[in-house]
Amino acid sequence: MLAEKLIYNFKMKKISPYILILIVLIGIFIPILSIHAFPCTGTDSSSGTPIPIPIGCNTPTTNPTPTPTPTSTTPNTPEPKGNCVFPVGETTINNVTEKECKTVTGASWQAYYNFLAPLPCDVSTPGCDPQTHTLRTYDPTSSTANNNKLGDYLNMIIRIFIGVCAVFAVIMIVIGGIEYMTSELISNKEHGKERIRNAIFGLLLALGAYTLLYTINPDILKTDLNSLTDVKVEVTIKDFQISGALSRDGKPSKVNFKAEACPAATAAQASTGVDKAFILAIFAQETGGGANTGGCLPANANMFPEDKKALEAIVGSNNMSTTYVSCASGGGHGGAIGLMQFRPTTWLANGGSGKNPWNTNDALMTAGVYLKNIGAINDPRNAACKYYSGVACQAGRQPPNEFYGDSVINRMTQIKAQIAKDGC
């Protein structure tokens, strides 16, 4: 009988800490289970019958009229833009969608990487911009108080962290105390005291970190995104990167913006009346930042016969076999030459006779003459499309050409700002 009592007492000592922990946890969480949402009721003024109304208890004065559910429509979400790249030799097509690039034979599409780009969304999503179909829940640089939700959340997380540390410390102290009191073994008592010491040390560490940071600077613990200001990043051109596809000998080079390109474009503007920023934008589009790599020789570029004759007149028959031109793509024709990628016949037709297509001054001057002839003074966007495809910008054209005009106009705006700031 005595042995049975000893065994019973031993078992109770082993399980009693877990029973106490269970009681503590039930005491903490039981209030949550007793929370109920009570619907409100109102009275229909016309019939006097009770009607349910949403939680919030705003009693309606009349029977609410049901709102028809709008028909769901698929938003016209803008497609991502990227570069249309050819295997060798051809000029990269910038700022096009994957769908547009698929219409160009032999090209592959490479998406742009937009840093911190907003997520696409349906217009019915809260915070969705109906114009761009992108999710803009808050603007960190706005002064509107509602736009500091993330800051409020971070501030709350700090307080919650301290509170959680305190709760866990108390639980561990209780467990350690129970272990100390219910055990007769010295080792278990020491383990219980060690648990209590560790819990107290952890709580002091959390409180001490908060106190130290608050003493150094209280603003460290206060996240206020409304204090952020807009930062304008200006991308300027230092050098035009000339790839092997645009050079005469197939070797890459550079043309400095301020020392060479801008003065040449200024001279072309003075002679033709075409905006120098527009000429430089075409130059930047054609060079593609050095991305237009590759290049072919006339023998394997599938050139038009008239372009071969014109090229011979430009470089001489002895240099034909060593002069690099653009490659053909998708079964088309290659043979564009120089920094501005002229067809040889177009180069000669616009005053290029006796000039060097690979010379910055000659290339930009001849480009100015050609751009003037295709209407760049009054309609630069359509002139850019004509420069690229021979026809004005056309929506839905296959292969597309609107992207080229839009890209050139964007580059023109950036170059104008650079010239206004840094000079030419």
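Start with the disulfides: counting pairs of cysteine sulfur atoms within 2.5 Å, the total comes to 4 disulfides. The structure is a predicted model, in which local features need pLDDT of at least 70 and side-chain atom pairs count only at pLDDT 80 or more, while totals for chains, interfaces and linings use all residues. Residues are numbered from 1 along each chain as its sequence is written, and side-chain values use heavy atoms, leaving out hydrogens and water.

**Stop one: C84 and C101**

Select C84 and C101, which form a disulfide with their sulfur atoms 2.0 Å apart. C84 lies in strand β3 (residues 81–85) and C101 in helix α2 (residues 98–101), so the pair ties together parts that are 17 residues apart in sequence. Helices (H or I, at least four residues) and strands (E, at least two) are DSSP runs, numbered from the N terminus. Which hand does this disulfide of C84 and C101 have? The torsion about the S-S bond is about 85°, so the link is right-handed. Both C84 and C101 are buried. Here buried means under 20% relative accessible area, exposed means over 50%, and partly exposed is in between, with a 1.4 Å probe and protein chains only.

**Stop two: C262 and C424**

Next select C262 and C424, another disulfide, with sulfur atoms 1.6 Å apart. This pair links distant parts of the chain: C262 is in helix α5 (residues 257–272) and C424 is in the segment after α11 (402–422), 162 residues apart. The torsion about the S-S bond of C262 and C424 is about -125°, so this disulfide is left-handed. C262 is buried, at 0% relative accessibility, whereas C424 is partly exposed, with a relative accessible area of 38%.

**Stop three: C385 and C393**

Move to C385 and C393, whose sulfur atoms are 1.9 Å apart in a disulfide. The link of C385 and C393 is right-handed, with 90° about the S-S bond. C385 is buried at a relative accessible area of 0%, and C393 is buried at 15%.

**Stop four: D307**

Select D307, found in helix α7 (residues 305–315). Is D307 buried or exposed? Its relative accessibility is 1%, so D307 counts as buried. Leaving aside residues up to four places away in sequence, D307 touches R343, P344 and T345, where contact means heavy atoms within 4.5 Å. The side chains of D307 and T345 are also joined by a polar contact of 2.9 Å. A polar contact is a pair of N or O atoms within 3.5 Å; within protein, one must be able to donate a hydrogen and the other to accept it, and residues adjacent in sequence count only if both atoms are side-chain atoms.

**Stop five: a surface patch**

Now select Y153, L154, M156, I157, I160, V164 and F168, which form a nonpolar patch on the surface with about 610 Å² of accessible area together. Patches take residues with over 30% relative accessible area and no salt bridge, joining like charges within 9 Å and nonpolar side chains (Val, Leu, Ile, Met, Phe, Trp, Tyr) within 5 Å. A salt bridge is a side-chain nitrogen of Lys or Arg within 4 Å of a carboxyl oxygen of Asp or Glu. Accessible areas come from the Shrake-Rupley method with a 1.4 Å probe, and for residues only the protein chains shown count as cover.

**Last stop: the whole chain**

Zoom out to the protein chain, which has 11 helices and 7 strands. Of its 424 residues, 31% are buried.
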